[in-house]
Amino acid sequence: MNTQLGSYLKKLRKSHKYTQEYVASYLDVIRQSYSHYETGRTTPGIETLNKLANLYQIPLNELLALQLEHDVCASTSCSPVSGISPRELILLNSFRLLPDQDQQDILDFIQIKAARHTKAR
């Protein structure tokens with residue numbers, strides 16, 4: 001269950017004074033489906049998150065970060081990630097989708113870049 005994203009969606013909806021029916025209609029889903037997003041019972045897909053970002057005029061990354069944080073923690077049994085930016089969560093989620101050799105190549109590249117950055121200081 002992604003209650004953090006659901007709570008945020010509910011907060012956004014209420015702050016805009018929208019009903020669940022209105023948001024569901026905007027998303028072209030039934031009210032019950034939208035209600036499940038707010039309770040965390042189900043998670044909206046990327047297209048739905050994009051529509052919600054457009055509806056509320058917020059960056060898609062705000063919603064994606066909450067979704068990705070949930071995905072990362074659900075698959076690793078971690079506690080909520082603190083101090084990690086939305087960009088870092090997107091990077092981590094993308095990294096986890098790669099095969100082992102590609103992950104190693106990226107780790108090697110980051111270590112080289114970090115070493116050069118440290119020497120440049």
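Reader: Which side chain does a polar contact of 2.5 Å join to that of Glu38?
Author: That of Arg13. Keep in mind that this is a predicted model.

Reader: What about Gln20, how far is its polar contact with Glu38?
Author: The side chains of Glu38 and Gln20 are joined by a polar contact of 3.0 Å.

Reader: Where does Glu38 sit?
Author: In helix α3, which covers residues 31-39.

Reader: Buried or exposed?
Author: Glu38 is buried, because its relative accessible area is 8%, and the cut-off for buried is under 20%.

Reader: What does Glu38 touch, leaving out residues up to four places away in sequence?
Author: Gly6, Ser7, Leu9, Lys10, Arg13 and Gln20.

Reader: Back to Arg13. What does Arg13 form with Glu38?
Author: A salt bridge, with the closest N and O atoms 2.5 Å apart. The pair links distant parts of the chain, since Arg13 is in helix α1 and Glu38 is in helix α3, 25 residues apart.

Reader: And is Arg13 buried or exposed?
Author: Arg13 is buried too, at a relative accessible area of 9%.

Reader: How many salt bridges does the structure hold?
Author: Two. Besides the one between Arg13 and Glu38, there is a salt bridge between the side chains of Arg31 and Glu21, at 3.9 Å from N to O. That pair also links distant parts of the chain: Arg31 belongs to helix α3 and Glu21 to helix α2, 10 residues apart.

Reader: Are Arg31 and Glu21 buried or partly exposed?
Author: Arg31 counts as partly exposed because its relative accessibility is 37%. Glu21 counts as partly exposed as well, at 47%.

Reader: Which residues of α3 are buried?
Author: Tyr34, Ser35, His36, Tyr37 and Glu38. These buried residues pack against α1 (3-15), α2 and α4.

Reader: What follows α3?
Author: Gly40, with a positive phi near 85°. Thr42 lies in the loop between α3 and α4, the latter being residues 46-56.

Reader: What does Thr42 touch, again without residues up to four places away?
Author: Ser33, His36 and Tyr37. Thr42 counts as partly exposed because its relative accessibility is 33%.

Reader: How far is Thr42 from Gly6, C-alpha to C-alpha?
Author: 8.9 Å, although they are 36 residues apart along the chain.

Reader: Different topic. Which residues make the nonpolar surface patch of about 260 Å²?
Author: Ile106, Phe109 and Ile110. Ile110 is in helix α7, residues 100-120, and counts as partly exposed at 41% relative accessibility.

Reader: Last one, confidence. What is the mean pLDDT of the chain, and where is confidence lowest?
Author: The mean pLDDT is 84, and 82% of the residues reach 70 or more. Confidence is lowest in helix α5 (residues 60-76), with a mean of 68, and highest in helix α2 (residues 20-27), at 98.

Conventions. Residues are numbered from 1 along each chain as its sequence is written. This is a predicted model: local features need pLDDT of at least 70, side-chain atom pairs count only at pLDDT 80 or more; totals for chains, interfaces and linings use all residues. Side-chain values use heavy atoms; hydrogens and water are left out. Helices (H or I, at least four residues) and strands (E, at least two) are DSSP runs, numbered from the N terminus. Buried means under 20% relative accessible area, exposed over 50%, partly exposed in between (1.4 Å probe, protein chains only). A polar contact is a pair of N or O atoms within 3.5 Å; within protein, one must be able to donate a hydrogen and the other to accept it, and residues adjacent in sequence count only if both atoms are side-chain atoms. Contact means heavy atoms within 4.5 Å. pLDDT is the predictor's confidence in each residue, from 0 to 100. Patches are made of residues with over 30% relative accessible area and no salt bridge: like charges are joined within 9 Å, nonpolar side chains (Val, Leu, Ile, Met, Phe, Trp, Tyr) within 5 Å. Accessible areas come from the Shrake-Rupley method with a 1.4 Å probe; for residues, only the protein chains shown count as cover. A salt bridge is a side-chain nitrogen of Lys or Arg within 4 Å of a carboxyl oxygen of Asp or Glu.
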